[in-house]
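Hello,

Here is the structure I promised to pass on. Please have a look, and my notes follow below.

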Amino acid sequence: PTLQERHWEKLEAICGFTFERDPETWSEPFTLGALMAKNIMEFKDEIQKVSTEATQESVLEEMLGKVKASWAEAEFQLANFKEQKDVYILTGVDDVQAMLDESMMTIGTILASRYVGGIRPEVEKMEHALKTLQNVLDEWLAVQKNWMYLEPIFSAPDIQRQLPAEAKMFMDVDKGLKNVLKKVSENPNCMRVGGLPGQADIFASWNVTLETTQKQLEAYLEFKCMAFPRFYFLSNDELLEILAQTRNVQ
């Protein structure tokens, strides 16, 4: 029952004749007697080998099918950021990561099998999709971490006024990230998001921008501390809270 068309083609090549399996096109019935008349037993060992191959490939296909089925329904979990409407952050990442780890182990097991040959292209396609999803997730989490740290800072009008170039860099990423997450909220399927062309590269470029912004912010804070050394006794967060309220003298 596990013989696929590719296996029948191998059997025909081994035996040197075509198996007429469709009753509507029979020139003779497909019976054991007809096969024996064609000396089928001469190829017993080779036929057994193809049969074993088909059985083992079927096991691997079932494993691959379970991986595909699990990701067909898998979705990212989002939550509102600070209860802001249409502003989301990624949550529940551990579950997605656990699924990714388990799926990659399964794919690795399939690819390590000596019987993977017949389905290798399909398995490698799934492996590529999972690796792409992992890259997207890694870059996404890095962007989100940096964005969540910088968002309250650059939301302050005084900081925007004091650091206009850095504020613009942040706001460009802020706008793009919010748009992406809004689209994800409308269709959170993991494989769809992971398969968006160039998504990992977009997140990676935003990471570079946010890291640059953060370094320039730290240089700005250092400059303020040098101008007023008592600021060195404060944490960056405390200093930012002060600098963000420069118009409030008290």
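Which residues of α7 are buried? First, some background: this is a predicted model, where local features need pLDDT of at least 70, side-chain atom pairs count only at pLDDT 80 or more, and totals for chains, interfaces and linings use all residues. Residues are numbered from 1 along each chain as its sequence is written, and side-chain values use heavy atoms, with hydrogens and water left out.

Now to α7. The buried residues there (under 20% relative accessible area, 1.4 Å probe, protein chains only) are E166, A167, F170, V173, D174, G176, L177, V180, L181 and V184. Their cover includes β1 (77–80), β2 (88–91), α5 (120–154), α6 (157–162), α8 (190–194) and α9 (199–227). Helices (H or I, at least four residues) and strands (E, at least two) are DSSP runs, numbered from the N terminus.

Next, the largest pocket. A pocket, on a 1 Å grid over the protein atoms alone, is an open set of points where a 1.4 Å probe fits, with protein on both sides within 12 Å along at least five of seven lines; lining residues have an atom within 4 Å of a point. Its lining has 14 residues, with L3, L11, I40, I47 and S51 nearest the centre. Helix α3 gives the most to this lining, five residues, while α1 (5–15), α2 (32–37) and α3 (44–73) each supply at least two.

Finally, E53 sits in helix α3. E53 counts as buried because its relative accessibility is 16%. Beyond neighbours within four places in sequence, E53 is in contact (heavy atoms within 4.5 Å) with H7, K10 and Y115.

Best wishes

Notes:
Buried < 20%, exposed > 50% of the residue type's maximum accessible area, 1.4 Å probe, protein only.
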